[in-house]
Structures are given as structure tokens and as C-alpha cells.
Amino acid sequence: MSVRTEHRGRHGDGAVRGAAPGAGPEAAAPALGPRRGATRRKLFDAAVTLIAEQGFSATTVDEIADRAGVAKGTVYYNFASKNVLYEELLRDGIDLLSASLRDAADRAVRVDGGTRVDALDAMIRAGLDFIAGSPSLTQLYVAELWRTNRVWQPTLQSVRGRAVAVVEDVLRDAVDVGELTEELDIPLTASALLGMVLVAALDWLSFQPHRSVEDVHASLSRLLQGRVSPLRAD
């Protein structure tokens, strides 16, 4: 499966609060030309599939080059080592997920005129859609969260922080406008919501693939409405 390219959202009056300047996906790497960007995308797609199938240590640069349909030298032209390729793969993929969540939240509020809780619900659906399109990337990301001795752990913590911050921003906005209680633990709730989507999506794809994304989203939406948003009066 490909690590998908998502469009970045634009923010204006009434938009859901975004990441601080320099903290978004654009700050992760310098701009690349179209041709080199396409080559790196092919290498990311090849690497994420192979590493998910057989593990990082067992995957060689030769296999990545062969799967991507390029020469081995092309891999080293774009990345100094296999470690660097994998680190950039994780950074790129999770930043794309963050952008997808941010766009969904912004659209729910600015375009659809919804509440911040509606924005959270839209982020759940966007997360499920992203993971359904990039299951290998998500599998690797969740696995790497537990491997704290990896050389790319600082990068992983950084991109995780950016993804969680997108959810935190919406929760903070919801508290500011009175949709959610001021007693809400924003950092923990944001981590819990993101983790819920990641783990539920992987469980769905691995063990309940017969269920539709609409069905899974509806179940998680009910959980969100019952546990995060205030109970509505009869």
C-alpha cells in the first residue's frame, strides 16, 4: 500500500487552531523537485511494504531498490543509509496523517459549520481512512512506539508530538468555546483519542476486515460522544 499524499489545509477566520509556524509537515524536510520527490515516494512505498512484511533488520537496501524499480545507488543518492530512509519514512508518513487530521477538523468547522466535537469526529473518520490506505505504515509506527532504543526515537517522538498537537488544538478550542469542560485533561485525552483510532483501525483491518469503515467510524463516534462530549439533556 502506498503512503498517501494529502493536501494541506488553509486556515482563516473561524478555522480550527493549527500547529505553530515551523511545526508542521513543511518544516520536516526541504522542498524537493518533482522528479526527486517522486523517486523518494517510490522508495518510501517499497521500504514500508518490505519492512512491514519481514522486519527492518531483515530488509536490505538491494531489496528496497529492486521493489522500487531503481538502482541501488539511487537509494544512497536520496538517503545516507537505510536507517535514514526509515527515519524519513516515519517522519513523512506521520506528518501526512497529521495534515489529514488537521484538514478534516478545519473542514468540519469552517465548511460544514459543525462544532469542535464534530471536528473531533471528523478526525476519527479521517484517521480511519488514512490508516485503511496506509496499513503498513501504521503497523510500523505503532510497533516503533514501544522500541525506545532505536536511533530514530527522537524523530518519532517529534512527529508523534505534532500529530497529538493537532488533536490537542481542537480539544483546547472546544474548552475555550464552552463545548467541553475546563476539567478536561487535554494532553491525555488527545493521546487517548489518537491511540484509539490507531489501535482500533489496526484491529479492524487485521481481525474484522468484513466491517465497513462507516461501521467502525460509527462505533468510535458513539464512544466519543458518550465519553468526551457532555451528555445532552433529554
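Is serine 158 buried, partly exposed or exposed? At 35% relative accessibility, serine 158 counts as partly exposed. The legends below take up this residue and other parts of the chain, all in a predicted model.

**View 1. Overall arrangement of the predicted chain.**
The model shown is a predicted one. The chain holds nine helices and zero strands. Read from the N terminus, the order of elements is α-α-α-α-α-α-α-α-α. Of the 234 residues, 49% count as buried.

**View 2. Helix H2 and the annotated span of residues 60-79.**
In an unreviewed entry, UniProt lists residues 60-79 under "DNA-binding region". This span is 75% helix and 0% strand, and its end C-alpha atoms lie 14 Å apart. Helix H2 covers residues 61-68, and its buried residues are Val61, Ile64, Ala65 and Ala68. These four lie on the same side of H2, because they cover an arc of only 95° around the axis. An α-helix has 3.6 residues a turn, so residues three or four places apart point the same way. The partners against which the buried residues of H2 pack are helix H1 (34-54), helix H3 (72-78) and H4. Just after H2 comes glycine 69, with a positive phi of about 75°.

**View 3. Helix H6 and its neighbours.**
Helix H6 is largely enclosed by the rest of the structure, because seven of its ten residues are buried. The buried residues are Ser136, Leu137, Thr138, Leu140, Tyr141, Val142 and Glu144. They pack against five helices, namely H1, H4, H5, H7 and H8.

**View 4. The second largest pocket.**
This pocket contains about 240 Å³ of space. Helix H6 (135-144), helix H7 (153-176) and helix H8 (186-207) are the elements that each give two or more residues to its lining. The lining of the second largest pocket consists of 13 residues, and those nearest the centre are Tyr141, Leu145, Arg160, Gly195 and Leu198. H8 supplies the largest share of this lining, with five residues. By class, eight of the lining residues are nonpolar, four are polar and one is charged. Tyr141, one of the residues nearest the centre of the pocket, is also among the buried residues of H6.

**View 5. The largest cavity.**
Rolling a probe the size of a water molecule over the atoms shows where empty space is left. In this model the count comes to one cavity of 30 Å³ or more. The elements giving two or more residues to the lining of the largest cavity are helix H4 (82-110), helix H5 (116-133) and H8. About 130 Å³ of space lies in this cavity. Its lining is made up of 13 residues, of which Met123, Ile124, Val167, Leu193 and Val197 lie nearest the centre. Twelve of the lining residues are nonpolar, one is polar and none is charged.

**View 6. Leucine 120 in helix H5.**
Leucine 120 is a residue of helix H5. With a relative accessible area of 3%, leucine 120 is buried, because the cut-off for that class is under 20%. Alanine 174 stands 54 residues from leucine 120 in sequence, and the two C-alpha atoms are 9.6 Å apart in space.

**View 7. Serine 158 in helix H7.**
Serine 158 has its place in helix H7. The relative accessibility of serine 158 is 35%, so this residue falls in the partly exposed class, between the 20% and 50% cut-offs. Serine 158 and arginine 91 are 67 residues apart along the chain, with 8.5 Å between their C-alpha atoms.

**View 8. Leucine 188 in helix H8.**
Leucine 188 belongs to helix H8. Its relative accessible area is 56%, and leucine 188 is therefore exposed, as the class takes values over 50%. Between the C-alpha atoms of leucine 188 and glutamate 168 the distance is 9.0 Å, for a separation of 20 residues in sequence.

Technical notes. Residues are numbered from 1 along each chain as its sequence is written. This is a predicted model: local features need pLDDT of at least 70, side-chain atom pairs count only at pLDDT 80 or more; totals for chains, interfaces and linings use all residues. Side-chain values use heavy atoms; hydrogens and water are left out. On a 1 Å grid over the protein atoms alone, a cavity is a set of points where a 1.4 Å probe fits but cannot get out, and a pocket is an open set with protein on both sides within 12 Å along at least five of seven lines; lining residues have an atom within 4 Å of a point. Grid points are joined across faces, edges and corners, and a volume is the space filled by probe spheres set on the points. Ala, Val, Leu, Ile, Met, Phe, Trp, Tyr, Cys and Pro count as nonpolar, Asp, Glu, Lys and Arg as charged, and the others, Gly among them, as polar. UniProt positions are given in the numbering used here, feature names are shortened, and annotations may be inferred rather than shown by experiment. Buried means under 20% relative accessible area, exposed over 50%, partly exposed in between (1.4 Å probe, protein chains only). The arc is that of the directions from the helix axis to the C-beta atoms. Contact means heavy atoms within 4.5 Å.
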